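Please look over the sequence and the model below before reading on. The paragraphs that follow go from the whole chain to one of its sheets.

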Amino acid sequence: RMSQLTPGVDDLPREAGRLLSALTGGASVIHRAAQQFVSQLKWMRLRPGQLLAVVVTSSGTVENRVIQMEREPDSAELDRLHNYLDSLLGERTLSELRDAVARAAETQRSELTMRAQQVVEATMNAQAARSVLIEGQQLLLGQPDFATVEKMRGVLSALHEHERLLELLERTVAAGGVQVLIGRETELTDTKDLSLITATYGAPGRGIGTLGVIAPTRTDYQKVVPLVGFTASLLTELLESRK
């Protein structure tokens with residue numbers, strides 16, 4: 001299934017998370033590094049005052065962001081912006097592109113560079129740089145371990161602790177390899193019924209991220225631990241081979 005996906009069209013990390021969730025019966029968590037190179041950046045008009053920004057990264061992920069603007073560019077202006085920014089992309093992250101456009105706007109002070117600065121800045125602000133994606137929550141909640149209302153409430157509370165999950169996932173990036181936290185080791189709310197198995201994917205300078213599974217503590221670790229590690233390795237290979 002992974003080999004059939006297309007970078008720039010399919011979101012490879014998210015699809016890997018969905019497959020991992022289906023194979024394990026747990027909820028998958030994906031943390032994508034903020035510092036990924038941007039290969040394409042386009043905007044489309046939605047309605048007055050709104051644009052849809054489409055960000056395609058070098059790792060094959062596609063992010064859509066709705067941005068607000070007092071005066072959205074018309075079609076001709078968008079074409080000029082796209083052509084101008086295509087010449088600046090190269091191996092730059094979105095934040096590096098923003099800095100490059102800001103420098104150009106400061107030195108050239110042309111209508112084009114100043115307009116480019118506005119739309120790139122709005123795109124940056126449309127979404128937090130650090131994010132956690134969760135797939136397969138319904139599969140996790142369907143486990144018999146969480147049949148009672150109290151148990152289910154504990155799981156839902158843990159899944160909404162994005163800041164805590166982010167800390168755990170970033171710890172995986174720092175440590176490398178596959179990490180396993182069981183029960184209270186996760187420090188997710190006060191539940192002791194969940195485990196987190198994670199592994200890093202990607203390569204330095206090309207958007208390192210973390211892929212993992214939130215599962216019941218009674219999970220089959222002999223199956224899930226190597227499966228998480230293998231999926232992360234496969235995702236890395238696919239991302240590197242399709243640049």
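This is a predicted model: local features need pLDDT of at least 70, side-chain atom pairs count only at pLDDT 80 or more; totals for chains, interfaces and linings use all residues.

Of the 243 residues in the chain, 49% are buried, and among the contacts with a separation of 6 or more, 60% are between residues 24 or more positions apart. The secondary structure consists of eight helices and eight strands.

Within this chain, three strands form an open sheet in the order E2-E3-E4, with antiparallel pairing. Strands E2 and E4, the latter spanning residues 62-68, stand at the edges and each have a single partner strand, so one side of each is left without a neighbour in the sheet. From one strand to the next, the twist averages 20 degrees.

The pairing can be followed strand by strand. Strand E2, residues 38-47, is joined to strand E3, residues 50-57, by eight bridges in the antiparallel sense, and in this pairing glutamine 40 has valine 56 of E3 as its bridge partner. The hairpin of E2 and E3 leaves two residues between the strands, and glycine 49 in this hairpin adopts a positive phi near 85 degrees. On the other pairing, E3 and E4 run antiparallel and are joined by seven bridges, with alanine 53 standing opposite arginine 65 in E4.

Helix H4, which covers residues 111-125, packs on this sheet and touches E2, E3 and E4, while its direction makes about 110 degrees with that of E4.

Definitions and conventions
Residues are numbered from 1 along each chain as its sequence is written. Side-chain values use heavy atoms; hydrogens and water are left out. Helices (H or I, at least four residues) and strands (E, at least two) are DSSP runs, numbered from the N terminus. Buried means under 20% relative accessible area, exposed over 50%, partly exposed in between (1.4 Å probe, protein chains only). Contact means heavy atoms within 4.5 Å. Two strands pair if DSSP finds at least two bridges between them. Axes are lines fitted to C-alpha atoms, for helices over the stretch in contact, and angles run from 0 to 180 degrees between N-to-C directions.
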